[in-house]
Amino acid sequence: MESQQRPNLIYIFADQWRRQAVGYEAEDQVITPNIDAFAQEGTIFSHAVTCSPLCSPHRASLMTGRYPNSTGVYTNCKVGADVMLNPDETCISDVLAENGYQTAYIGKWHLDLPELNVTDQPESGASDWDAYTPPGPKRHGFQYWYSYGAWDEHLAPHYWQDSPEKIKVNQWSVEHETDQTLRYLANRNSDRPFALFLSWNPPHSPFDQVPEKYRNLYDREQITLRENVNQSTFLVHTGEPVDGGIEELKDKQLNYFAAISGIDDQFGRILQFLKEENLEENTIVVLTSDHGEMMGSHGLMAKHVWYEESIGVPFCVRWPGVIPQTRTELLLNTVDIMPTLLSLLDLEIPSSVEGADLSGYILNRQSGGPGEAYISAYPGRKEAIEAFREAGLDNREFGWRAVRTHNFTYVIHHGYAPDDELVRLLYDLKNDQYQLHPEQIEDPSAHPAALELEGKLCRWLKDLNDPFYNKLRGVMK
């Protein structure tokens, strides 16, 4: 296949956007007409999950097709933890660039080491977890760059291109990044295929940083809370309290929905451009997110927990005339995205990849595919890492690991503190949609479903050399 005949790729992912919060799923009361129409033109994945419901670990796995334990990006790239995407990793963008693609990255990156981990006064002006990623190996083959590390000012964002000079903007980040995307596409070299990754930060918190016009689409009193919002005080999963009760939660949920409607509006602009420029037929478009948001379910906010609101992501892919217009039950995990997309583009999948190529199932509407998706979360807060270190323990032996099938989620949780007890939980997804009635498993061997899932999870942990497996064996003895 000649390089100029290869299909283009546009991969768009928002941050903290849960699977339930899109119109076509008919769960949350969110207004997304452009996305709903787009989804009908391609394949919708009802069972797309993230291999780690946290920003940086997901992103590293997306780029490499490898699990967090393999990439080393097991927690967020943050101050106080020397975690980043290794420049030596083979990323999807490296493969695309090597095969003649024009590559572009726009928006949130969050895969580089925070500059404050290296110097007190970065030339770029980056602060907190943020970083300017200069041209070179850390960009992994992305030629056009309009990005930042991690920063949550949605109405006054900033970016870097090819110098440490910070570009400050007074515009909602989703709209601004869409403007940049359309500018890039309009000025591309039309003789070569392009691959563009666009990473929107909203609907990530702070939820109130959203244009008023999208808020006005909703009536606060008409929006209901999910059935598993069953408490009036809230925590994040690692135990820290979150300010505000039910009334504040209603405000947050309205703003969260408003941001998603804003994403829908901006996504519509990109689709319209593709139509006007006759690029629709030869462009694969993916719309998804990195992980979900609990939004009060089970008394929790944010992510990093095994519930569907946290691990479930929307995922739609369109390639007119090639990818069927359907909804698939395929179980899609983060690590499967890179090999699947490379296969659709007729490019070789690197041997380093740990995920599965699902392209055949998608193109031929086949059932089957992976029976399990493996998910991991590690203690990564600075205070937690230090507490484990002081106790002479490896923090990566703790946290939780889970296996998600079509029928069950099975979790082994060893906690976020050195003295936490190990707990096993089994959720019946078919009969308990809201995961309100977990079965606590004392002895997996006495429970057929738990025994099978424990075996699968242990084999996966062993294959990956996950330190959690060593700890698990110690407890089992």
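This is a predicted model: local features need pLDDT of at least 70, side-chain atom pairs count only at pLDDT 80 or more; totals for chains, interfaces and linings use all residues.
Which helix gives the most to the lining of the largest cavity? The answer is H9, with 5 residues.

**Cavities**

A search of the whole structure finds 6 cavities of 30 Å³ or more. The largest cavity holds about 70 Å³ of space. Its lining includes Phe 45, Phe 315, Val 317, Ile 323 and Leu 332. Asp 336, Ile 337, Thr 340, Leu 341, Leu 344 and Ile 362 also line the largest cavity. Strand S11 (315-318) and helix H9 (334-344) each supply at least two residues of this lining. By class, the lining has 9 nonpolar, 1 polar and 1 charged residues.

The second largest cavity holds about 50 Å³. Tyr 148, Trp 151, Glu 153, His 154, Pro 157, His 158, Ser 173 and Asn 201 line it. Here the classes are 3 nonpolar, 4 polar and 1 charged.

The largest pocket contains about 850 Å³ of space. It is lined by 34 residues, and Asn 76, Trp 129, Val 236, Ala 302 and Lys 303 are the closest to its centre. The lining divides into 14 nonpolar, 10 polar and 10 charged residues.

The second largest pocket contains about 340 Å³. Of its 17 lining residues, Arg 19, Glu 27, Glu 308, Arg 404 and Gln 433 lie nearest the centre. Strand S2 (43-49) and helix H8 (308-311) each supply at least two residues of that lining. Its classes are 2 nonpolar, 7 polar and 8 charged.

The table sets out the volumes and lining classes.

| Space | Volume | Lining residues by class |
|---|---|---|
| Largest pocket | about 850 Å³ | 14 nonpolar, 10 polar, 10 charged |
| Second largest pocket | about 340 Å³ | 2 nonpolar, 7 polar, 8 charged |
| Largest cavity | about 70 Å³ | 9 nonpolar, 1 polar, 1 charged |
| Second largest cavity | about 50 Å³ | 3 nonpolar, 4 polar, 1 charged |

**A helix contact**

Helix H1 (residues 33-40) meets helix H7 (residues 246-276). Their axes come within 7 Å and cross at roughly 50°. H1 and H7 are therefore oblique to each other. On the H1 side, the contact involves Pro 33, Asn 34, Ile 35 and Phe 38. On the H7 side, it involves Ile 263, Asp 264, Asp 265, Phe 267, Gly 268 and Leu 271. The residues of this contact divide into 6 nonpolar, 2 polar and 2 charged.

**An aromatic pair**

The count comes to 26 aromatic pairs. One of them joins Tyr 74 and Tyr 378. Their ring centres are 5.6 Å apart and their planes stand at 65°, so the pair is edge-to-face. Tyr 74 lies in the loop between helix H3 (68-71) and helix H4 (92-98), and Tyr 378 in the loop between strand S13 (373-377) and helix H11 (382-390), so the pair ties together parts that are 304 residues apart in sequence.

**Backbone details**

The bond from Pro 202 to Pro 203 has omega near 10°. For the bond from Ser 205 to Pro 206, omega is near 0°.

Ala 26 has a phi near 55°, a positive value in a residue other than glycine. Ala 26 sits in the loop between strand S1 (8-14) and H1.

Definitions and conventions
Residues are numbered from 1 along each chain as its sequence is written. Side-chain values use heavy atoms; hydrogens and water are left out. Axes are lines fitted to C-alpha atoms, for helices over the stretch in contact, and angles run from 0 to 180 degrees between N-to-C directions. Helices (H or I, at least four residues) and strands (E, at least two) are DSSP runs, numbered from the N terminus. Angles under 35 degrees count as roughly parallel, over 145 as roughly antiparallel, 65 to 115 as roughly perpendicular and the rest as oblique. Contact means heavy atoms within 4.5 Å. Ala, Val, Leu, Ile, Met, Phe, Trp, Tyr, Cys and Pro count as nonpolar, Asp, Glu, Lys and Arg as charged, and the others, Gly among them, as polar. On a 1 Å grid over the protein atoms alone, a cavity is a set of points where a 1.4 Å probe fits but cannot get out, and a pocket is an open set with protein on both sides within 12 Å along at least five of seven lines; lining residues have an atom within 4 Å of a point. Grid points are joined across faces, edges and corners, and a volume is the space filled by probe spheres set on the points. Rings of Phe, Tyr and Trp (its six-membered ring) pair if their centres lie within 6.5 Å; planes under 30 degrees apart count as stacked, over 60 as edge-to-face and the rest as tilted.
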